[in-house]
Amino acid sequence: MSPSVSLPVRTELPDIELVKKLPKNADALLVPIFSENEGVEFPVCPAIDKKTTKELLSQFKAVGAKAKAGEITRIPGVELPIIAVGLGAADEVDDEKIRRTVGTAARSLKDLEHVVVAFGALSTRALVEGLLLGSYSYPGFRGAKADDQPTRVSSYSVIADPKTAKEEFVAAHITAESVCLARDLVNTPSSHLYPETYAAFLQSEAKKCGVDVDVLDEKALEKKGFGGILAVGQGSARPPRLVHLRWSPRHAKKKVAMVGKGITFDTGGISIKPSLHMENMISDMGGSAAVVATVFGAARLNLNVEINAFVALAENMPDGNAIRPGDVITHYGGITSEILNTDAEGRLVLADALARASEDHPDYLIETATLTGAQIVALGVRTSGVMGSDEFRDRLAETGRKVGEPAWAMPLLEEHEKTIKTPAADIRNVDNTRHGGMLYAGTYLSKFIGDGIEWAHVDIAGPSFNEGRPDGYLPVRATGVPVRTFLAVLADIAEQN
Ligand code: BES
Ligand code: ZN
Ligand code: ZN
């Protein structure tokens, strides 16, 4: 048996459990409060008796709590310290507000080991996702005593009736862990994560959750004609890989293909990028990370849908072997492409993977990539751009918004059908206008989707990596977007007849 391969640094999440009533050894109790005309409202919770509830409410009033969304209030409590998260007006609470506020709370709680959480009838799913996602903080390759490293809560006990909440609790736990796997992969620097080590990790991880895995190395890629992946990888000393992951439950009715961009570092190649912030291009495999984390998550959740995922892994470097502007390559399946800009490399590796994924005639094809800076220009850093076949594109974007991963449907433009033409090959990888760059990339990818397949391409250049401050349950650096959207879409497809 091959030894298990792990990432050099994994982020440890706190333990979390469901309990029926208040445990004895807690350091603090986390509760929700709502804003009301005269001040603050503290909902009745079965875990707290009437008298204590009254006393706590008067303490909240005494310290001037307003319960604005995201506000955190500490009071001495009766038996143990209370930490209240403000949720705003009770009739305006939704799942995303819960996730964000408890995410913020999870980041701010320090020097507490065991925290009990009593959120009454509010969504256990949103609560658990918010707590775990907010607890994430990538430790990096640092000594044990890095003094800016937060000492987060090490275990949470969530008070809820297991009869009604158990299923949600497990789904939320697996979902959050899947998001955090994607985050860890993206946060791992290219010194440690490159096509070969990435593929080895996936092989090892797939075994743990009953997912089949097949890795094509550079020789196999050559033999089968994966010209796009090879072209992008040829400027690097580290050869490319195509990894196929397969989850196939016995009674699945629908077949979904997934594809992810896995550029483990993007220098731009010969069309080299400016050096300022180039280090963030360790995140150019964010699409592949979301895809693999989704497949492992779907397997752990035992979703009743067949998934064939293909992640194209390559490092885009400039050297004596690198592709040049003007080169023509032949993609898997035979379409030829003129490379005018070697920094538009994502579409080149995706084209091969999309053509391969289409061969299996899936019902749906979902692909994601940190594809264009133009996505950020058009939609900002939090909202993904979704292109594809009309209905499925809209469904995926709407699902994203529902789970708190903003996404917006974008069109494919008729004019790009003209500007994609070139005398030198079937198509070219960039046009000469530079207008609507995110959409041009979508048109390029559309050429590799098999007939009749419902598909969606999700450009996550901005949303996958947070260069700003932590926000709600979003940490700095890798965010794990859009894993929750994908798991929700797959769960939805699995439940269709
Ligand atoms: N990986 C980049 C896109 C990107 C930019 C991701 C910023 C995350 C943050 C991609 O490979 C790229 O360089 N795209 C070019 C395309 C252009 C040459 C048509 C871009 O967006 O500038
Ligand atoms: Zn690039
Ligand atoms: Zn790139």
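**Zinc sites, strands and pocket of a predicted model**

The structure holds zero disulfides, a disulfide being a pair of cysteine sulfur atoms within 2.5 Å. The structure is a predicted model, in which local features need pLDDT of at least 70 and side-chain atom pairs count only at pLDDT 80 or more, whereas totals for chains, interfaces and linings use all residues. Residues are numbered from 1 along each chain as its sequence is written, ligands are numbered from 1 in the order in which they are written, and side-chain values use heavy atoms, with hydrogens and water left out.

For cysteine 180, the closest cysteine sulfur is that of cysteine 209, which at 16 Å is too far for a bond. Cysteine 180 is also buried, with a relative accessible area of 3%, where buried means under 20% relative accessible area, exposed over 50% and partly exposed in between, for a 1.4 Å probe and protein chains only. Cysteine 45 likewise counts as buried, at 9% relative accessibility.

Two zinc ions, ligand 2 and ligand 3, are 3.2 Å apart, and aspartate 266 coordinates both. Donors are N, O and S atoms within 2.8 Å of the metal (3.2 Å for Na, K and Ca), and because water is not among the atoms, sites may look incomplete. Aspartate 266 lies in strand β10 (residues 255–266), while glutamate 345 belongs to the loop between β13 (336–338) and α9 (346–358), so the pair ties together parts that are 79 residues apart in sequence; helices (H or I, at least four residues) and strands (E, at least two) are DSSP runs, numbered from the N terminus. Both aspartate 266 and glutamate 345 are buried.

The zinc ion (ligand 3) has Lys261 (NZ), Asp266 (OD), Asp284 (OD) and Glu345 (OE) as its protein donors, at 2.0 to 2.4 Å, and these follow the spacing K-x4-D-x17-D-x60-E.

Strand β4 (residues 72–75) has a covered face, formed by Thr73 and Ile75, and an uncovered one, formed by Ile72 and Arg74. In a regular strand the side chains alternate between the two faces of the sheet. β4 pairs with strand β5 (residues 82–89) in the antiparallel sense over four bridges, pairing requiring at least two DSSP bridges, and isoleucine 72 stands opposite valine 85 in β5. Six residues lie between the strands of this hairpin, in which glycine 77 takes a positive phi near 75°.

The largest pocket is lined by 36 residues, of which Lys273, Leu371, Thr372, Gly373 and Ala374 lie nearest its centre. The largest share of this lining, three residues, comes from α10.

Key
1 Å grid on protein atoms, 1.4 Å probe; cavity = no way out; pocket = protein on both sides within 12 Å on 5 of 7 lines; lining within 4 Å.
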